[in-house]
Amino acid sequence: MDKVLDSPARAVADVPDGAVLAVGGFGLCGIPSTLIGALADAGTTGLRVVSNNCGVDDWGLGLLLRAGRIARTTSSYVGENKEFARQYLNGELEVELVPQGTLAERLRAGGAGIPAFYTPAGAGTQVEEGGLPRRYAPGGGTVVLASPPKEVREFGGRRYLLEEAITADFALVRAAVADRHGNCVFHAAARNFNPLCAAAGRVAVVEADRIVEPGEIPPDAVHLPGVYVDRIVAADPADRRIERRTVNSVSPKES
């Protein structure tokens, strides 16, 4: 079955206002920037986003955030986005902060059909006790929605928290290579969260740097089987940014 579509706009045309999106990537590495741009152009709003982070002020999910299109985020790291902080502290954005490994496992569990699991991450902290601010009142200051306490059980004398799986209406993913049947390969750190998001989404949309014919990807090289993928589009090769560029100065060698 050929899953390749001719445009990113067509691939996200049926994403409704208020949809839950699982968005792959890690920082700006491996983010589905072409599909995010198509959603921004479409005007889709009220989105409830599950992603490790929310981009930066002028790129990635930060584009949707800046335009006021995101109503809620479930993330583990949000420190590179000043607009995110402004919206959160002023009561414009609901935020669920989740330990990074827990977020990954909640997505994996959702894709595997596991409704919940126990983890030691967060035990004995406010993650367990509840009360983490999820939404402030307009203008900030007063917490109007806080995280609830977690169910706790002991196994082998150690405390574990019950965490619920995450599923999404749509998953947006970026792959290095995809064949027309949806089998995908990711490059290095871009593999973080992308396969997990794809599996957790009821409809998984992949943008790929390179699209090849079925059979060109060796079976042992497949990171994400095509059974999880519903749509494929070509990624814009210009949609790449480096979050932090570090350059070491090299002194000339003494003769």
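Partly exposed, as I use it here, covers what lies between buried, under 20% relative accessible area, and exposed, over 50%. I'm working from a predicted model.

**Entry: Arg180 and Glu213.** I looked up Glu213 and got 40% relative accessibility, so I put it down as partly exposed. Its salt-bridge partner is Arg180, with the closest N and O atoms 3.2 Å apart. Arg180 sits in the loop between β10 and β11, Glu213 in the loop between β12 and β13, and 33 residues separate them. Arg180 comes out partly exposed too, at 27%.

**Entry: Arg174 and Glu207.** Next I checked a pair that links strand β10 (Arg174) to strand β12 (Glu207), 33 residues apart. Their closest N and O atoms are 3.0 Å apart. Arg174 has 6% relative accessibility, so I count it as buried; Glu207 is buried at 0%.

**Entry: Asp14 and Arg231.** This salt bridge has its closest N and O atoms 2.7 Å apart. It spans 217 residues, from the loop between α1 and β1 to strand β13. Asp14 is partly exposed at 40%, whereas Arg231 is buried at 17%.

**Entry: the whole count.** My search of the whole structure turned up 16 salt bridges. Shared partners join Arg72, Glu94, Glu96, Arg106 and Arg134 into one network.

**Entry: helix α5.** Arg106 took me to α5, where it is one of the buried residues, along with Thr102, Leu103, Leu107, Ala109 and Gly110. Down the axis of α5, the buried residues fall within an arc of 160 degrees, so they line one face of the helix. The helix runs over residues 100-112 and reaches 19 Å, close to the 18 Å expected. Just after α5, I noted a positive phi of about 80 degrees at Gly113.

Terms used:
Residues are numbered from 1 along each chain as its sequence is written. This is a predicted model: local features need pLDDT of at least 70, side-chain atom pairs count only at pLDDT 80 or more; totals for chains, interfaces and linings use all residues. Side-chain values use heavy atoms; hydrogens and water are left out. Helices (H or I, at least four residues) and strands (E, at least two) are DSSP runs, numbered from the N terminus. The expected span of a helix is 1.5 Å times one less than its number of residues. Buried means under 20% relative accessible area, exposed over 50%, partly exposed in between (1.4 Å probe, protein chains only). The arc is that of the directions from the helix axis to the C-beta atoms. A salt bridge is a side-chain nitrogen of Lys or Arg within 4 Å of a carboxyl oxygen of Asp or Glu.
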